[in-house]
Amino acid sequence: MEKGERFLRQRLSNGTQVVGEPMAGVQSAAVGLLFGVGARDESAKHFGISHFLEQMIFRGTEHRSAREISEQFDRLGASYDSSAGIEMHVMSCQMLGDRLLEALDLLGDCARFPAFPDDAVESVRTLQLQEISQRDDRPPQKVMDLVRRELFAGSPLGNDVLGSPETMENIDRQALAEYHKRFFRPDNAVISVAGNFDWAPLIQKLEALTADWPVGTQRDRLSPPEPHQSVTVLSKEDASQENLGFAFPGVAASDPRYHAAGLTAQALGGGTNSRLHREVREKRGLAYAAQARFDGFENTGLVRIYVGTSPERAPESVEVVLGELRKLEADGLEPEELDRAKTRLKSQVIMRSESTYARMATNMRSWWMERQLYSLDEAKQRIDRVTLGEVAALLRDLGVTHRIAAVALGPRSRQDLFQSEMVPS
Amino acid sequence: MATTLTRQDSRFYTHLLTNGLQMIGQEIPGVQSVAAAFWVCTGTRDEDRRQMGVSHFLEHMAFRKTKSFTGEEIDRAFEELGAEHNAATSWEMTYYWARVLRENLPRTLEILAELTHPTLEAEAFDTERKVILEEIARYDDVPSHVLISRFMRDFYGGHPLSMDILGTPETINALTVEEMRSYWERRYGTRNIIFSIAGNFDWNEVVKQVEHLSAGWQPGETGRASVRVQIDPSFKVYPTEKFVQEQIAIGVPTVARNDSRYYASAILATILGDDTGSRLFWALNQTGLAESASAQLIEFEDTGLFVVYLVTQPSLAQQVLDVTQHELERVQNFDIEQEELERCKAKLNSSLIIGGESTNERMMGLISSWQTRGRLETLEEIRERIESVSLEDLQALVNDFPLWPKQVVTAGGPLPGESLRQSA
């Protein structure tokens, strides 16, 4: 490990794993509480309930009103946030280290004893309905979300994170309380702390906060989804751009090929020196945004491409993207390409580690996904170990050119855009 | 006695090169990274209206070809250097920044310096024009961008700050590479450039290198004409069928950037419209009325703008507007209490220290200090300034720069014009 770097771990009495990384020379501390629950756990009647619950989590507990929670966080100078997605719910907080234990009192109260007050339930319902319709005001994000849902159609991993106007009507305090009780349990959680803190008092506090918290999470086992090839064209006559999204399968976060997948996505569309940026934007001026990103989930992964282009040039953009995918699958990466992607990723890993928040989040995620923590040296080595052969094998296994879901949102028609044999008609 | 230096034990440096280029730096112990940027004190407000968008287009052209590098070489180099990097144009500044590990700093500085000296060739110009037009089209579909554009025009009228940073399809199509070159020659001189750096570096080495890199650069012009700001209250609704949500901006003038009341103004914006715990948060977010409700301070050299930004569903827009005006009226009549002010200070102080742990944030903070105060401030000095703001200061501020009732209100979304009225 790098000088001064050390990890601390403790399994609390009722099963929650705590991971800690003290960092020298900083005043701040960051804490994250991760619970294994998300859109993939939802029943059809209550689609969107994970997001709903996340919006409710700071809106009042059995011991504190929403205003008390807000004012107490503010007095501690603590910034706080929560996010819920497809498979995890994270509550996080960052503050000066000497206020950590007090901030944990608040965070713990919110995590364990949310009250779901009726007026707050009504407010969140209205807000989530607004969020659902606001999606139409964000075509790039809408396309990126849709392309995931299309690729994973038939699997809970394709669930709609926001739900629908219909399911919003079904969510009430009882449904929220039951959902909370089922998934917010100590055996379904990881706690991560990084920065300026003392371990012993932290563990003591966490033991107290989690005492008598019943275990017994009932989370359904999930098989890796079958990727679902499809083409979806949504008409939006008044859009100024044609928004194009493509998705193909990746690998799970714990898969040994995880870094190979990340580096490939980076070389494909992860920056100004990527293939998509060069071919779509720099060479042809077809788009302002031409990107690829890779996301690793618990038992699968996803690579998504986004291009936003003017409607007249959209068919050409589609051809260029599909052409790049064909080339990638056939020829893999150039040696220098892989080396540069490694350099960039290693640099990012190191620079990111200067932030207490980022360090907390990285450790939280890597413990949850792999039951492992990696020092900076180990992280760099894992990246360095990726070979061209591995990348080539990965591309073959993924079968990128025949397992694509494509989504277009804009004025153009399906016939105009998708002529290629690569996507089914 | 040896002590471990922490990120809070920074050293601050300033140096004016003989060629007029200003350098500012903060050496931060205990980090491996270093963030650096060249800031050109030029932006959209310095443009001829017929050449609207030239600053931003020029920023794009920097990545196409410079004196010593092609675009590919620049992109490749940044990747090889493991750099986080970007460039941005606003109304008053254009900047080119990167963050790298210390061992990659010298080559990174070379590239950043190069970016301020593009060669501006016709063929690259024509290709990049297409990219700019794509960017304009993209943001034409972003409701908040469209709203702010309209709002700035309503607020600033004929003043240069009313112009669109991206330009318009008309001005971008009409622009010639010669016009861009001429703009560059005037505005990208050493007298108009500030170099800022924060993190792990050696100041003497960096000064020597930047001096060497900028030898032979022309001095150019500096400064800008101060145009009198004339704000006329207005209430305008722009029916825009393609959007689903209704967006509203409410703006009033406030202090300029180097005004001593700057921190009071920042505190007011936080109390009124911060993401959490603010007046608008309680009145609009917690009640489910508005998906988005915030207040922001935007400072310029010679003027300032205090703007409230709201997003809601059309059927709630009038109510949201009425509730917001009620909140603004309350603050105007001054019902802020000491406890609220203390909480706000605790929040800001904490985020100041946490931000101070980031080399990027500090590199940006240095410029802010320099332009606001004419010198560099330590975090402790900034903290004291925040601490010293009193209720009386806030009251004096809203007396001099009222939040209500004279405002510029701009709305856009599905609502037809007559469906939204100024609150009673």
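Two residues are said to be in contact, or to touch, if their C-beta atoms, placed from the backbone, lie within 7 Å. By this rule, and leaving aside residues up to four places away in sequence, A36(B) touches W97(B), A98(B), T108(B), L109(B), L112(B), S196(B), I197(B) and M363(B). The model is a predicted one, in which local features need pLDDT of at least 70 and side-chain atom pairs count only at pLDDT 80 or more, while totals for chains, interfaces and linings use all residues. Residues are numbered from 1 along each chain as its sequence is written, and chains are lettered from A and ligands numbered from 1 in the order in which they are written.

A nonpolar core is a set of buried Ala, Val, Leu, Ile, Met, Phe, Trp, Tyr and Cys residues joined through C-beta atoms within 7 Å; a residue is buried if 20 or more other C-beta atoms lie within 10 Å of its own, exposed if 12 or fewer, and partly exposed in between. The largest nonpolar core holds 173 residues, and those touching the most other members are A247(A), A36(B), F38(B), L112(B), A249(B) and V320(B). Helix α9 (residues 262-273) of chain B gives this core its largest share, 8 residues. Another core, of 63 residues, lies apart from it and includes V19(A), M91(A), C93(A) and C110(A). In soluble globular proteins, nonpolar side chains tend to be buried together.

Helices (H or I, at least four residues) and strands (E, at least two) are DSSP runs, numbered from the N terminus. Two strands pair if DSSP finds at least two bridges between them. In chain A, 6 strands form an open sheet with mixed pairing, in the order β1-β2-β6-β3-β5-β4. Its edge strands, β1 (8-11) and β4 (79-84) of chain A, each pair on one side only. On average, and with direction ignored, neighbouring strands of the sheet are turned by 15 degrees against each other. Within the sheet, β2 (residues 17-22) and β6 (residues 189-195) of chain A pair in the parallel sense over 6 bridges, and P22(A) stands opposite G195(A) in β6(A). Helix α3 (residues 100-112) of chain A lies across β3 (28-35) and β5 (89-96) of chain A, at about 160 degrees to β5(A). For such angles, axes are lines fitted to C-alpha atoms, for helices over the stretch in contact, and values run from 0 to 180 degrees between N-to-C directions.

Chain B is divided into domain 1 (11-213) and domain 2 (234-419), with bounds that come from an automatic or database domain assignment. The C-alpha centres of these two domains of chain B lie 27 Å apart. Their contact takes 31 residues from domain 1 of chain B and 24 residues from domain 2 of chain B. On the side of domain 1 of chain B that touches domain 2 of chain B, α5(B) gives the most, with 9 residues.

Most residues other than glycine have a negative phi, and most peptide bonds are trans. The bond from W404(B) to P405(B), however, is cis, with omega near 0 degrees; P405(B) lies in the loop between α15 (391-400) and β11 (408-413) of chain B. Phi of R371(A) is near 55 degrees, a positive value, and R371(A) is exposed because 10 other C-beta atoms lie within 10 Å.
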